[in-house]
Amino acid sequence: TMAEHISKQFDLELETIRTRVLQMGGLVEAQIIGAIDALMSSDIAKLDKVIAEDALVNAMEVSLDEECQHIIARRQPAASDLRMVITVIKTITDLERIGDEAQKVARMGKLILLADRVHMPRFREIQKMAEVALSMLRRALDAFARLDVAGALDVTRQDRKLDDEFDANFRQLVTFMMEDPRAISMSIDTIFMCKAIERIGDHAKNISEYVVYLVKGKDIRHTALEDVEHIDL
């Protein structure tokens, strides 16, 4: 029937935007990996590539957002279909922000590498934080792909670990600055980079919370983790 045909088409449209979200996620992931690899190997050309690729991520967000607006206008989705479209709109905003933070890391890295300083930052801490942030992003996207609420809540737990690492790095860098004023500019740049990575974790956590909303129809943002565990999910 005509109705069946239309609903099949609609399912296909929803499937397509879901796939494109995951493609965008893959691109953003590659940006973070590229920025950190380039940092560790002092590769300016690779940093430039990461900085340039941000435009691609932005373009994907714009086109996916438009597609979602069209679906809402044309299909007037309800219930879980509407939640899917809303989740996509929210998720791509966070993915675009993650791309911005990866670009920020690459820009800062470039400044540091070109500045030829006595004190070079210890990128190892940044790399360690980036590994946690990347794992959060992967798990959030995976939870989105598989509508996995338990996996999504794991990301929220990981966010605490990342915040703790940021605090520890921050304290260590402040100690450096107090001990050796010549280390100040390097320490400040490193703090900015750590902050950018910590923000990537925050956005990954947001994405995982949209997955809970998508599956359960409950918005758990601004709910303490302890309380989330008790929501009847």
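E125 lies in helix α4 of this predicted model. With a relative accessible area of 18%, E125 is buried, because the cut-off for that class is under 20%. Apart from neighbours within four places in sequence, the contacts of E125 are N169 and Q172. Both of these partners belong to the α5 side of the contact between α4 and α5.

Helix α4 spans residues 123–146 and helix α5 spans residues 149–179. Their axes come within 9 Å and cross at roughly 165°. The two helices are therefore roughly antiparallel, since angles over 145 degrees fall in that class. The crossing of α4 with α5 is left-handed. On the α4 side, the contact is formed by E125, K128, M129, V132, A133, S135, M136, R139, A140 and A143. The α5 side includes G151, A152, D154, V155, Q158 and D159, and also K161, L162, E165 and F166. By residue class, the contact of α4 with α5 divides into 10 nonpolar, 5 polar and 7 charged residues.

The crossing of α1 and α2 is left-handed. The residues of this contact comprise 18 nonpolar, 5 polar and 10 charged.

At the level of the whole chain, the secondary structure consists of 7 helices and 0 strands, and the order along the sequence is α-α-α-α-α-α-α. The C-alpha atoms fill a box of roughly 75 × 40 × 20 Å along the principal axes. Of the 233 residues, 46% count as buried. Among contacts between residues at least 6 apart in sequence, 80% join residues at least 24 apart.

In soluble globular proteins, nonpolar side chains tend to be buried together. In the present model, the largest nonpolar core has 61 residues, and V88, L95 and L137 have the most contacts inside it. At least two residues of this core come from each of α1 (2–40), α2 (44–75), α3 (79–114), α4, α5 and α6 (184–216). With residues up to four places away in sequence not counted, L95 touches V21, M24, G25, V28, V57, L137, L141 and I207. L137, listed among these partners of L95, is also one of the residues with the most contacts inside the core.

Two further residues, V85 and E101, were examined in helix α3. V85 is buried, with a relative accessible area of 0%. Leaving aside neighbours within four places in sequence, V85 is in contact with L14, C68, I71, I72 and P77. The C-alpha atoms of V85 and E67 are separated by 9.6 Å, and these residues lie 18 residues apart along the chain.

E101 has a relative accessibility of 9% and therefore counts as buried. Residues up to four places away in sequence again being excluded, E101 touches A196, R199 and I200. Buried glutamates in this model thus include E101 in α3 and E125 in α4.

Technical notes:
Residues numbered from 1 in each chain as written. Predicted model: local features only at pLDDT ≥ 70, side-chain atom pairs only at ≥ 80, totals over all residues. Heavy atoms only, no water. Axes fitted to C-alpha atoms, helices over the stretch in contact; angles between N-to-C directions. Helix = DSSP H or I, 4+ residues; strand = E, 2+ residues; numbered from the N terminus. Parallel < 35°, antiparallel > 145°, perpendicular 65-115°, else oblique. Left-handed = near helix turned anticlockwise from the far one by under 90°. Contact = heavy atoms within 4.5 Å. Nonpolar A, V, L, I, M, F, W, Y, C, P; charged D, E, K, R; others polar. Core = buried A, V, L, I, M, F, W, Y, C linked by side-chain atoms within 4.5 Å. Buried < 20%, exposed > 50% of the residue type's maximum accessible area, 1.4 Å probe, protein only.
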